[in-house]
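Biologist: I am new to this structure and would be grateful for a close look at a single part of it. Please describe the aromatic residues and the elements that surround them.

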Amino acid sequence: MTRRLRFNGTGSGEGGCPAVHEDLDSGEVIVHGPPLTDPEEVGQLRHLGEGEVAIVVPRELLTDWTPKGKARQARIVGLDAFGKLFESFQHTAWRLETRRRYASDELTDTYARFLQGGTPVWDLDTPWSRTIREKTTGGAIVARVRIVDAPPTDGQRYLTAHAEKNEALGEDIRSLSRQDAEALRLPAEDFWLFDSRLVALLRFDGDDNLVDVELITEPAEVVRYAMVRDAAWHQAVPYRQFAAEPGE
(Lines give C-alpha, C1' and ligand atoms only; values in the text may rest on other atoms or scores of the structure.)
Protein backbone atom coordinates (compact mmCIF):
# COMPACT_ATOMS: atom_id res chain seq x y z
CA MET A 1 0.00 0.00 0.00
CA THR A 2 1.31 3.43 -0.94
CA ARG A 3 2.20 5.62 2.01
CA ARG A 4 0.36 8.91 2.50
CA LEU A 5 3.12 11.33 3.36
CA ARG A 6 2.96 14.84 4.78
CA PHE A 7 5.88 17.22 4.40
CA ASN A 8 6.85 18.62 7.79
CA GLY A 9 9.75 20.92 7.07
CA THR A 10 13.22 21.41 5.75
CA GLY A 11 16.48 22.05 7.50
CA SER A 12 18.44 23.87 4.81
CA GLY A 13 19.05 24.17 1.11
CA GLU A 14 17.01 25.79 -1.62
CA GLY A 15 15.97 22.36 -2.89
CA GLY A 16 14.32 21.44 0.38
CA CYS A 17 17.02 19.03 1.50
CA PRO A 18 17.44 17.66 4.09
CA ALA A 19 13.76 17.30 4.94
CA VAL A 20 11.31 15.41 7.12
CA HIS A 21 8.05 13.71 6.09
CA GLU A 22 5.49 11.94 8.25
CA ASP A 23 3.47 8.84 7.32
CA LEU A 24 -0.11 9.94 8.03
CA ASP A 25 -1.24 6.36 8.72
CA SER A 26 1.57 4.77 10.69
CA GLY A 27 3.14 7.87 12.20
CA GLU A 28 6.57 6.81 10.94
CA VAL A 29 9.05 9.54 10.02
CA ILE A 30 10.94 9.64 6.72
CA VAL A 31 14.08 11.77 6.52
CA HIS A 32 16.07 12.48 3.38
CA GLY A 33 19.29 14.38 2.90
CA PRO A 34 22.85 14.16 1.57
CA PRO A 35 24.49 10.75 2.11
CA LEU A 36 27.46 10.20 4.37
CA THR A 37 30.09 8.94 1.90
CA ASP A 38 33.48 9.23 3.57
CA PRO A 39 34.64 5.58 4.11
CA GLU A 40 36.33 6.35 7.41
CA GLU A 41 33.26 8.12 8.74
CA VAL A 42 30.92 5.37 7.53
CA GLY A 43 33.23 2.84 9.19
CA GLN A 44 32.60 4.46 12.57
CA LEU A 45 28.85 3.83 12.37
CA ARG A 46 27.42 1.00 14.43
CA HIS A 47 24.46 -1.15 13.42
CA LEU A 48 24.35 0.08 9.81
CA GLY A 49 22.51 -2.77 8.14
CA GLU A 50 22.72 -4.14 4.62
CA GLY A 51 20.93 -1.85 2.19
CA GLU A 52 20.86 1.04 4.68
CA VAL A 53 22.33 4.42 3.81
CA ALA A 54 23.55 7.00 6.33
CA ILE A 55 22.44 10.58 5.70
CA VAL A 56 23.50 13.85 7.28
CA VAL A 57 20.93 16.20 8.82
CA PRO A 58 21.37 19.23 11.08
CA ARG A 59 20.31 18.69 14.66
CA GLU A 60 17.76 21.51 14.48
CA LEU A 61 15.91 19.67 11.72
CA LEU A 62 15.05 16.86 14.10
CA THR A 63 14.41 19.23 16.98
CA ASP A 64 12.13 21.61 15.13
CA TRP A 65 10.47 19.52 12.44
CA THR A 66 10.15 15.93 13.63
CA PRO A 67 6.51 15.21 14.62
CA LYS A 68 6.11 15.34 18.36
CA GLY A 69 4.44 12.66 20.44
CA LYS A 70 0.68 12.52 20.68
CA ALA A 71 0.97 13.04 24.43
CA ARG A 72 1.61 16.78 24.01
CA GLN A 73 -0.36 18.63 26.65
CA ALA A 74 -3.11 20.64 25.00
CA ARG A 75 -3.48 24.25 26.09
CA ILE A 76 -7.23 24.91 26.15
CA VAL A 77 -8.75 28.35 26.64
CA GLY A 78 -12.33 29.56 26.88
CA LEU A 79 -14.15 31.73 24.37
CA ASP A 80 -13.49 34.98 26.25
CA ALA A 81 -9.73 34.41 26.15
CA PHE A 82 -10.01 33.42 22.50
CA GLY A 83 -11.82 36.66 21.70
CA LYS A 84 -8.97 38.71 23.16
CA LEU A 85 -6.60 37.26 20.55
CA PHE A 86 -8.24 39.52 17.97
CA GLU A 87 -7.29 42.53 20.03
CA SER A 88 -3.67 41.48 20.54
CA PHE A 89 -2.55 40.18 17.12
CA GLN A 90 -0.36 42.59 15.17
CA HIS A 91 -0.12 41.68 11.50
CA THR A 92 -2.36 38.88 10.24
CA ALA A 93 -5.33 36.81 11.34
CA TRP A 94 -6.23 34.03 8.91
CA ARG A 95 -9.08 31.52 9.19
CA LEU A 96 -9.94 28.20 7.56
CA GLU A 97 -13.64 27.32 7.87
CA THR A 98 -14.41 23.70 7.06
CA ARG A 99 -17.73 22.89 8.72
CA ARG A 100 -21.12 22.48 7.08
CA ARG A 101 -22.93 24.42 9.78
CA TYR A 102 -22.23 26.61 12.81
CA ALA A 103 -24.86 26.51 15.51
CA SER A 104 -24.12 30.07 16.63
CA ASP A 105 -25.14 31.45 13.23
CA GLU A 106 -28.55 29.81 13.47
CA LEU A 107 -29.38 31.73 16.64
CA THR A 108 -29.18 35.13 14.94
CA ASP A 109 -31.99 37.24 13.52
CA THR A 110 -30.02 37.68 10.31
CA TYR A 111 -29.94 33.90 9.78
CA ALA A 112 -33.71 33.61 10.21
CA ARG A 113 -34.27 36.51 7.82
CA PHE A 114 -31.91 34.95 5.28
CA LEU A 115 -33.72 31.59 5.33
CA GLN A 116 -37.02 33.41 4.79
CA GLY A 117 -35.63 34.94 1.63
CA GLY A 118 -35.03 38.39 3.03
CA THR A 119 -31.91 40.52 2.87
CA PRO A 120 -30.16 40.62 6.25
CA VAL A 121 -29.24 43.97 7.74
CA TRP A 122 -25.73 43.65 9.09
CA ASP A 123 -24.75 45.38 12.32
CA LEU A 124 -21.35 46.96 11.72
CA ASP A 125 -21.06 48.40 15.21
CA THR A 126 -20.76 45.28 17.37
CA PRO A 127 -17.66 44.93 19.58
CA TRP A 128 -16.30 42.35 17.12
CA SER A 129 -16.95 44.67 14.17
CA ARG A 130 -15.23 47.60 15.81
CA THR A 131 -12.19 45.46 16.68
CA ILE A 132 -11.80 44.07 13.16
CA ARG A 133 -12.37 47.44 11.49
CA GLU A 134 -9.74 49.01 13.76
CA LYS A 135 -7.26 46.28 12.85
CA THR A 136 -7.81 46.42 9.09
CA THR A 137 -7.82 50.21 8.89
CA GLY A 138 -4.55 50.11 10.79
CA GLY A 139 -3.00 47.94 8.10
CA ALA A 140 -3.48 44.43 9.54
CA ILE A 141 -4.73 41.62 7.30
CA VAL A 142 -7.81 39.61 8.27
CA ALA A 143 -8.71 36.88 5.79
CA ARG A 144 -10.58 33.59 5.50
CA VAL A 145 -11.06 30.62 3.21
CA ARG A 146 -14.45 28.95 3.47
CA ILE A 147 -14.94 25.38 2.29
CA VAL A 148 -18.20 24.99 0.36
CA ASP A 149 -20.04 21.78 -0.51
CA ALA A 150 -21.87 21.08 -3.76
CA PRO A 151 -24.66 21.92 -3.31
CA PRO A 152 -23.88 24.31 -0.45
CA THR A 153 -25.64 23.82 2.88
CA ASP A 154 -27.94 26.50 4.29
CA GLY A 155 -25.18 27.46 6.69
CA GLN A 156 -22.67 27.85 3.87
CA ARG A 157 -25.10 29.93 1.80
CA TYR A 158 -25.64 32.16 4.81
CA LEU A 159 -21.88 32.62 5.26
CA THR A 160 -21.61 33.64 1.61
CA ALA A 161 -24.18 36.35 2.30
CA HIS A 162 -22.47 37.23 5.57
CA ALA A 163 -19.24 37.79 3.66
CA GLU A 164 -20.68 41.18 2.68
CA LYS A 165 -20.33 42.21 6.32
CA ASN A 166 -16.85 40.70 6.58
CA GLU A 167 -15.83 42.60 3.47
CA ALA A 168 -17.27 45.86 4.82
CA LEU A 169 -15.02 45.46 7.86
CA GLY A 170 -11.96 45.04 5.66
CA GLU A 171 -11.68 41.25 5.58
CA ASP A 172 -10.64 39.30 2.47
CA ILE A 173 -13.03 36.36 2.06
CA ARG A 174 -12.39 33.54 -0.39
CA SER A 175 -14.12 30.24 -1.09
CA LEU A 176 -12.92 26.76 -2.01
CA SER A 177 -14.96 23.74 -3.04
CA ARG A 178 -14.97 20.69 -0.81
CA GLN A 179 -13.69 18.66 -3.74
CA ASP A 180 -10.68 20.91 -4.20
CA ALA A 181 -10.03 20.96 -0.45
CA GLU A 182 -9.96 17.16 -0.37
CA ALA A 183 -7.68 17.06 -3.41
CA LEU A 184 -5.30 19.35 -1.51
CA ARG A 185 -5.61 17.09 1.54
CA LEU A 186 -6.57 20.01 3.72
CA PRO A 187 -7.41 18.96 7.28
CA ALA A 188 -11.03 18.97 8.41
CA GLU A 189 -10.13 21.48 11.10
CA ASP A 190 -11.33 24.98 11.79
CA PHE A 191 -8.54 27.26 12.93
CA TRP A 192 -7.24 30.80 13.11
CA LEU A 193 -3.57 31.52 12.47
CA PHE A 194 -2.34 34.70 14.16
CA ASP A 195 0.83 36.43 12.97
CA SER A 196 2.13 33.09 11.65
CA ARG A 197 3.14 32.17 15.21
CA LEU A 198 -0.03 31.11 17.06
CA VAL A 199 -2.72 28.65 15.98
CA ALA A 200 -6.14 28.75 17.60
CA LEU A 201 -7.76 25.38 16.83
CA LEU A 202 -11.52 25.66 17.27
CA ARG A 203 -13.22 22.74 19.04
CA PHE A 204 -16.91 21.97 18.50
CA ASP A 205 -19.34 19.61 20.18
CA GLY A 206 -21.64 17.15 18.39
CA ASP A 207 -24.25 19.86 17.86
CA ASP A 208 -21.82 22.19 16.09
CA ASN A 209 -21.43 24.56 19.04
CA LEU A 210 -18.01 26.11 19.56
CA VAL A 211 -17.06 25.06 23.08
CA ASP A 212 -13.39 25.99 23.51
CA VAL A 213 -10.13 26.59 21.68
CA GLU A 214 -6.74 24.86 21.70
CA LEU A 215 -3.76 27.19 21.40
CA ILE A 216 -0.71 25.83 19.57
CA THR A 217 2.67 27.59 19.53
CA GLU A 218 5.02 24.68 18.81
CA PRO A 219 7.05 25.90 15.79
CA ALA A 220 6.72 22.75 13.67
CA GLU A 221 2.97 22.60 14.26
CA VAL A 222 2.50 26.28 13.46
CA VAL A 223 4.40 25.88 10.20
CA ARG A 224 2.18 22.93 9.22
CA TYR A 225 -0.88 25.11 9.63
CA ALA A 226 0.84 27.88 7.69
CA MET A 227 1.40 25.41 4.87
CA VAL A 228 -2.31 24.58 4.94
CA ARG A 229 -3.06 28.30 4.74
CA ASP A 230 -0.77 28.76 1.74
CA ALA A 231 -2.26 25.81 -0.14
CA ALA A 232 -5.85 26.86 0.56
CA TRP A 233 -5.25 30.52 -0.25
CA HIS A 234 -3.54 29.66 -3.55
CA GLN A 235 -6.49 27.57 -4.72
CA ALA A 236 -9.39 29.61 -3.32
CA VAL A 237 -11.15 32.38 -5.23
CA PRO A 238 -12.93 35.56 -4.07
CA TYR A 239 -16.32 34.62 -2.66
CA ARG A 240 -18.30 36.65 -5.20
CA GLN A 241 -16.54 34.93 -8.08
CA PHE A 242 -17.05 31.53 -6.49
CA ALA A 243 -20.78 32.14 -5.96
CA ALA A 244 -21.19 33.23 -9.59
CA GLU A 245 -19.55 30.14 -11.06
CA PRO A 246 -21.91 27.56 -12.60
CA GLY A 247 -22.74 24.68 -10.31
CA GLU A 248 -21.79 26.49 -7.13
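**The aromatic cluster and its surroundings**

Modeller: One aromatic cluster is formed by Phe82, Phe86, Phe89, Trp128, Trp192 and Phe194; please note that the model is predicted. Phe82 and Phe86 lie four residues apart in helix α3, and are therefore separated by about one helical turn. Phe82 is buried, at a relative accessible area of 9%, and Phe86 is buried as well, at 3%.

Twelve aromatic pairs are counted in the model. In the pair of Phe82 and Phe86, the ring centres are 5.3 Å apart and the planes stand at 80°, so the pair is edge-to-face.

Helix α3 (residues 79–88) also packs against helix α5 (residues 127–137), at an angle of about 30° and with the axes 9 Å apart. Because of that angle, α3 is roughly parallel to α5. On the α3 side, the contact is made by Phe86, Glu87 and Ser88, and on the α5 side by Trp128, Thr131, Ile132 and Lys135. By class, this contact of α3 with α5 comprises three nonpolar, two polar and two charged residues.

Trp192, another member of the cluster, belongs to strand β8, where Arg95 stands opposite this residue. Strand β8 (residues 191–194) is joined to β5 by four bridges, and the two strands run antiparallel. Strand β5 (residues 92–97) is mostly covered, with five of its six residues buried. Six bridges join β5 to strand β6 (residues 141–148) in a parallel arrangement; Ala93 has Val142 as its bridge partner in β6.

Technical notes
Residues numbered from 1 in each chain as written. Predicted model: local features only at pLDDT ≥ 70, side-chain atom pairs only at ≥ 80, totals over all residues. Heavy atoms only, no water. Axes fitted to C-alpha atoms, helices over the stretch in contact; angles between N-to-C directions. Parallel < 35°, antiparallel > 145°, perpendicular 65-115°, else oblique. Contact = heavy atoms within 4.5 Å. Nonpolar A, V, L, I, M, F, W, Y, C, P; charged D, E, K, R; others polar. Buried < 20%, exposed > 50% of the residue type's maximum accessible area, 1.4 Å probe, protein only. Pairing = 2+ DSSP bridges. Phe/Tyr/Trp six-rings, centres within 6.5 Å; stacked < 30°, edge-to-face > 60°.
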